[in-house]
Amino acid sequence: MEKAEIIKTENEKKKEYLRSYRTHVRRVQRITAEIEELRAMKMYPSVKDNDGMPHGSGGQGDLSGYAADLDQMIHDLIEERYLRIRTYQQIARQIKKLRSENEKDVLFYRYIKGLDGWEIAEKMGYSERQVHRFHGKALAHFEIPKDVIECQ
């Protein structure tokens, strides 16, 4: 039973590593949405204070706080985009090392494209059950890069 627990832990680490790309994708999307929201609020200020009434300056008051917030968000977005690209390159390189094309496809569609099992099955022309088998074999054959293991 100990071996099964070790394998599960190992597979969970592999899945966590593989999921890290989609995490970066979501962060980029969220930061982009935050920037859009901040710009929209500055462009179309509707209420000031909490009284629900518009006030005179039309939002043209102190821009330094807005500029600082926007600058920080843009910096965060650039950093997150860099991490997304670097993570994609690392994961794609590891996936390409697998021998089986089916295993490569399953990991790519699941962890890079973010597809569910049924969507992968449809794309590949296999049953969900077979895709699940491919996934299990792919995880068994997949290796996390040594430099990533050392950081965990």
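1. In this predicted model, H3 passes H4 in a right-handed crossing. The two helices, H3 and H4 (residues 117–124), pack at an angle of about 135 degrees, and their axes lie 10 Å apart.

2. From the side of H3, the contact with H4 is made by Asn102, Asp105, Val106, Tyr109 and Arg110, while H4 brings Ile120, Lys123 and Met124 to the contact. By class, the residues of the contact of H3 with H4 divide into 4 nonpolar, 1 polar and 3 charged.

3. Helix H5 covers residues 128–141 and packs with H4 at an angle of about 100 degrees, the axes being 8 Å apart. Since angles of 65 to 115 degrees count as roughly perpendicular, this is the description that applies to H4 and H5.

4. In the contact of H4 with H5, Gly117, Trp118, Ile120, Ala121 and Met124 are the residues of H4, and Glu128, Val131 and Phe134 are those of H5. The residues of this contact divide into 6 nonpolar, 1 polar and 1 charged. Ile120 and Met124 of H4 also take part in the contact with H3.

5. On its other pairing, H3 (residues 101–112) packs with helix H2 (residues 64–96) at an angle of about 160 degrees, with their axes 9 Å apart. That angle makes H2 roughly antiparallel to H3, and H2 passes H3 in a right-handed crossing.

6. Which residues meet where H2 packs with H3? From H2 these are Tyr88, Ile91, Ile95 and Lys96, and they meet Lys104, Leu107, Phe108 and Ile112 of H3. The residues of the contact of H2 with H3 divide into 6 nonpolar, no polar and 2 charged.

7. H2 also contributes to the second largest pocket, where it gives the most to the lining, with 4 residues. Helix H1 (2–43), H2 and helix H6 (146–151) each supply at least two residues of that lining. The volume of the second largest pocket is about 180 Å³.

8. The lining of the second largest pocket consists of 10 residues, and those that lie nearest the centre of the pocket are Tyr17, Arg86, Thr87, Gln90 and Val148. How do the lining residues divide into nonpolar, polar and charged? The lining of the second largest pocket has 4 nonpolar, 4 polar and 2 charged residues.

Definitions and conventions:
Residues are numbered from 1 along each chain as its sequence is written. This is a predicted model: local features need pLDDT of at least 70, side-chain atom pairs count only at pLDDT 80 or more; totals for chains, interfaces and linings use all residues. Side-chain values use heavy atoms; hydrogens and water are left out. Axes are lines fitted to C-alpha atoms, for helices over the stretch in contact, and angles run from 0 to 180 degrees between N-to-C directions. Angles under 35 degrees count as roughly parallel, over 145 as roughly antiparallel, 65 to 115 as roughly perpendicular and the rest as oblique. A crossing is left-handed if the near helix is turned anticlockwise from the far one by less than a right angle, and right-handed if clockwise. Contact means heavy atoms within 4.5 Å. Ala, Val, Leu, Ile, Met, Phe, Trp, Tyr, Cys and Pro count as nonpolar, Asp, Glu, Lys and Arg as charged, and the others, Gly among them, as polar. On a 1 Å grid over the protein atoms alone, a cavity is a set of points where a 1.4 Å probe fits but cannot get out, and a pocket is an open set with protein on both sides within 12 Å along at least five of seven lines; lining residues have an atom within 4 Å of a point. Grid points are joined across faces, edges and corners, and a volume is the space filled by probe spheres set on the points.
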